[in-house]
Amino acid sequence: LENDFIRMKRTWIASEIRLTDYEDVIAESIFDDLITYGKVCTNRIEIIDSLKLEELNKIIKNINWDNSSFILLNPTEEND
């Protein structure tokens, strides 16, 4: 489980780095940060890297699954 968690963090970090190639994604991220936190998060990679499995387990234990929703997307047929 620990190895899976480390692999997940590495994948997440690689994704964050890859997203810096796209200006529109960076702009959207900045806007999201400003709306959510009132400031721009400039240390995402450090935050991800510092996450601990114990913290994740605490969060999972506190999730209220009674209010979960599932969305099923059905493709529509194209008109020819």
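A pocket is an open set of grid points with protein on both sides within 12 Å along at least five of seven lines, and its lining residues are those with an atom within 4 Å of a point. In this predicted model, the largest share of the lining of the largest pocket comes from helix H2, which gives five residues. The space in this pocket amounts to about 340 Å³. Its lining is made up of 16 residues, among which Glu16, Thr20, Ser29, Cys41 and Arg44 lie nearest the centre. Two or more lining residues are given by each of helix H1 (2-19), H2 and helix H3 (44-50).

Helix H2 spans residues 23-37 and includes Glu28. On the surface, Glu28 gathers with Glu23, Asp24 and Asp32 in a patch of negative charge.

Two salt bridges are found in the structure. One of them is formed by Asp4 and Arg7, whose closest N and O atoms are 2.4 Å apart. This pair counts as a salt bridge because the limit between a side-chain nitrogen of Lys or Arg and a carboxyl oxygen of Asp or Glu is 4 Å.

Technical notes. Residues are numbered from 1 along each chain as its sequence is written. This is a predicted model: local features need pLDDT of at least 70, side-chain atom pairs count only at pLDDT 80 or more; totals for chains, interfaces and linings use all residues. Side-chain values use heavy atoms; hydrogens and water are left out. Patches are made of residues with over 30% relative accessible area and no salt bridge: like charges are joined within 9 Å, nonpolar side chains (Val, Leu, Ile, Met, Phe, Trp, Tyr) within 5 Å. Accessible areas come from the Shrake-Rupley method with a 1.4 Å probe; for residues, only the protein chains shown count as cover. Lys and Arg count as positive and Asp and Glu as negative; His and the chain ends are not counted. The place of a charge is taken as NZ of Lys, CZ of Arg, CG of Asp or CD of Glu. Helices (H or I, at least four residues) and strands (E, at least two) are DSSP runs, numbered from the N terminus. On a 1 Å grid over the protein atoms alone, a cavity is a set of points where a 1.4 Å probe fits but cannot get out, and a pocket is an open set with protein on both sides within 12 Å along at least five of seven lines; lining residues have an atom within 4 Å of a point. Grid points are joined across faces, edges and corners, and a volume is the space filled by probe spheres set on the points.
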